[in-house]
Amino acid sequence: MKIAIDAGHGYHTSGRRCLKQLDAGETREWTLNKRVAEEVIRHLTRCGVEVVRLDDPTGAQDVPLSARSGRANGEHCDYCVSIHHNAGINGGNGGGTVVFVYNGKHAAKSDELQKNIYQGLVQEVGKFGNRAEPLAAKNLHMVRETRMPSVLIEVGFMDSASDVPKILDAGWSAKAAKGIAKGICKTAGVRWVDDAAPVPAEGYLVRITAGNLNVRSGPGTNDPITTVVHRGEAFTIVGESYNGSTRWGKLKSGAGWISLAYTEPV
């Protein structure tokens, strides 16, 4: 499963920023888009999804739309999600999330993706704003020119007195991103994997169930092997990390990381 994720615009794109009377720092739209996109990518990667990012992750360049859609098509992505923030309230109240599909002929899966992303977001942050049509259709490049089910999300309004406090809050944006990622996974048939639970300061004990289990320098099979442990041996885990859908545990001894799929609690 390969998903294209796009944080709209670039850091220096003219005019794309929060209204100054609501945000003295005039936070750039790309900064908001990037924050949500990176959280979506983190969740998808943990769930074992391959992600293709279409914008410039540094924000230095506003990658042309044709290059973004061209890459999504060239990489044969299964779905494409473009993340934006809206404007048009001019300092008033109201606003809310809008998820767009193409207003011409498009895949039925685009409609499913649209619905699931919106419902996932509302589930995480609650329904807000006053959009009469939060599920909308429009002639937008990123949903028109991509050859896979695609949506464009306007997470909230950068010039809404009620939306700006939300979209500037990193915690709120993280919840919105989680909802978006859940909607993508639901549509794509990808099993959702929750974040690792916090590990107690003192750690916890596990026993090795595999005959021989490699200990690696980092939480992944691409990291070098540091040693090997054996069935029946017990170790204290003091940290956890996901690599795709695999949960890894950090050994208290400092020897490295083991896949917790081959352990049992003691």
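**Exercise 1.** Leaving aside neighbours within four places in sequence, which residues is tyrosine 242 in contact with?

*Solution.* A quick note before we start: this is a predicted model, where local features need pLDDT of at least 70, side-chain atom pairs count only at pLDDT 80 or more, and totals for chains, interfaces and linings use all residues. Residues are numbered from 1 along each chain as its sequence is written, and side-chain values use heavy atoms, with hydrogens and water left out.

Step 1: look for contacts, meaning heavy atoms within 4.5 Å. Tyrosine 242 has Arg46, Val193, Asp194, Asp195, Ala196 and Arg247 as its partners beyond four places in sequence.

Step 2: zoom in on aspartate 194, whose backbone oxygen sits 3.2 Å from the side chain of tyrosine 242.

**Exercise 2.** Work out whether histidine 9 and asparagine 90 are buried or exposed.

*Solution.* Most residues other than glycine have a negative phi. Histidine 9 has a positive one, near 70°, and asparagine 90 has a positive phi of about 60°.

Step 1: Histidine 9 is in the loop between strand E1 (2–7) and helix H1 (29–46); asparagine 90 is in the loop between strand E3 (79–86) and strand E4 (98–102).

Step 2: apply the cut-offs: buried is under 20% relative accessible area, exposed over 50%, partly exposed in between (1.4 Å probe, protein chains only). Histidine 9, at 14%, is buried, whereas asparagine 90, at 65%, is exposed.

Notes. Helix = DSSP H or I, 4+ residues; strand = E, 2+ residues; numbered from the N terminus. Polar contact = N/O pair within 3.5 Å; in protein donor to acceptor, adjacent residues only side chain to side chain.
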